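I set out to record, entry by entry, what I looked up in this structure. The sequence and the coordinates are placed below for reference.

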Amino acid sequence: MADSSEFSKSMVDQLPMESFWDIPLYQWEGFWYRSYHLEATMALRSHFSSRDDDFILASPMKAGTTWLKALCFSVVNSAAPNNETLAKTDEDDPCHHHRDPLVENHPAVYVQTLEVQVFTAKPPPDVSSMKSPRLFHTHLPYTALPDSIKTSNCKLIYIARNPKDTLVSMWHFFNKLRTPQQGPYPFEKAFELFINGVSHFGPFFDHVLQYWNQSLKTPDKVLFLKYEDLKRDPIGEAKKLALFMGKPFGDEKEAEDVIWRCSLERLKSLEVNKNGVDPWVGLPNSTYFRTGIVGDWKNMLSDEMSERLDQITKQKLMGSGLHFDI
């Protein structure tokens, strides 16, 4: 199929289709997309030119995307005026609003997803005038990225999460798109779709392995992070992230401030995330902040489901060197 910004309905209709949460997904080059995401992907591939100092964040859906956006944005902008240290509560610092943009907007405003927020616009936007370094995000598999991202000296930062928690987080999130009359989507059906690879930008394991393998081939270009590692050792992982981005922290306090600013507890408490609305999807900003814990899957998966997914995970990751802490 032609790589073009013109991706007609008739072209989409020729692709294999599956229903996901009663949403039609179309399979292109082995991965599943909503039709408008696919159109945006084609526009992105045709019009986006990467710079050597770009940072492209990448993730499967519901793998810690918002956290990663906040962290990377804060690392790039971590030096407050005169190296002032941010107060531990917004109320303690009347000037806080002027120093921390996360108080004003959801992280997605500062790090926009290319195929969801940027290239869904018609005509496609001109992002060439953006100040460097530019930060973008994508849910696209590695193989679907524009060639300029792969061949330039830009850096990719990927975050993955264990498949069980990813599935459960996805189930909660997409239920927010359903009406009260529809009610929650049956979890058993969601499970079967997920293990069969049918989800937004899935199959999950193919997505993760593409970036994992690329991080092994070019570790200076692709940083592979795991959600569970960030939860277990946030300071250590943040230091690794900052060093990769060429913005190492000056001291331990700076690292601690960034982790605090981007913590789920703090972001959830901000007014913009308690009462704001995502203008691209129409969901409350609070939808993007749930529990954020590791092991929440234990509240949803039966023993039989857990064992099945363990076996699939083992089979899919065999020989890759990648493993998830569950």
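Entry 1. Is aspartate 296 buried or exposed? Before answering, I note that the model is a predicted one. I looked up the relative accessibility of aspartate 296 and found 8%. Buried means under 20% relative accessible area. Aspartate 296 therefore counts as buried, at 8% relative accessibility.

Entry 2. Aspartate 296 belongs to the loop between helix H15 (271-275) and helix H16 (303-317). I also searched for a partner of its side chain. The side chain of aspartate 296 makes a polar contact with the side chain of asparagine 299, at 2.9 Å.

Entry 3. I turned next to the strands. In what order do the three strands of the open sheet lie? I read the order as E1-E2-E3, with antiparallel pairing. E1 and E3 are the edge strands, since each pairs on one side only. From one strand to the next, the twist averages 40°. As background, I noted that strands of a sheet pair through backbone hydrogen bonds, either parallel or antiparallel.

Entry 4. I examined the pairing of E1 with E2. Strand E1 covers residues 17-20 and strand E2 residues 23-28, and four bridges join them in the antiparallel sense. I looked up the bridge partner of methionine 17 and found tyrosine 26, in E2. The hairpin of E1 and E2 has two residues between the strands, and tryptophan 21 takes a positive phi near 55° there.

Entry 5. I examined the other pairing of E2 in turn. How many bridges join E2 to strand E3? I found three, with E3 spanning residues 31-33 and the two strands running antiparallel. Glutamine 27 stands opposite tryptophan 32, which lies in E3. E2 and E3 likewise form a hairpin with two residues between them. In this turn, glutamate 29 has a positive phi of about 50°.

Entry 6. The structure holds one cavity of 30 Å³ or more. About 50 Å³ of space lies in the largest cavity. Which residues line the largest cavity? I listed Pro60, Met61, Met170, Phe194, Ser199, His200, Phe201, Gly202, Phe204 and His207.

Notes. Residues numbered from 1 in each chain as written. Predicted model: local features only at pLDDT ≥ 70, side-chain atom pairs only at ≥ 80, totals over all residues. Heavy atoms only, no water. Pairing = 2+ DSSP bridges. 1 Å grid on protein atoms, 1.4 Å probe; cavity = no way out; pocket = protein on both sides within 12 Å on 5 of 7 lines; lining within 4 Å. Points joined across faces, edges and corners; volume = space filled by probe spheres on them. Buried < 20%, exposed > 50% of the residue type's maximum accessible area, 1.4 Å probe, protein only. Polar contact = N/O pair within 3.5 Å; in protein donor to acceptor, adjacent residues only side chain to side chain. Axes fitted to C-alpha atoms, helices over the stretch in contact; angles between N-to-C directions.
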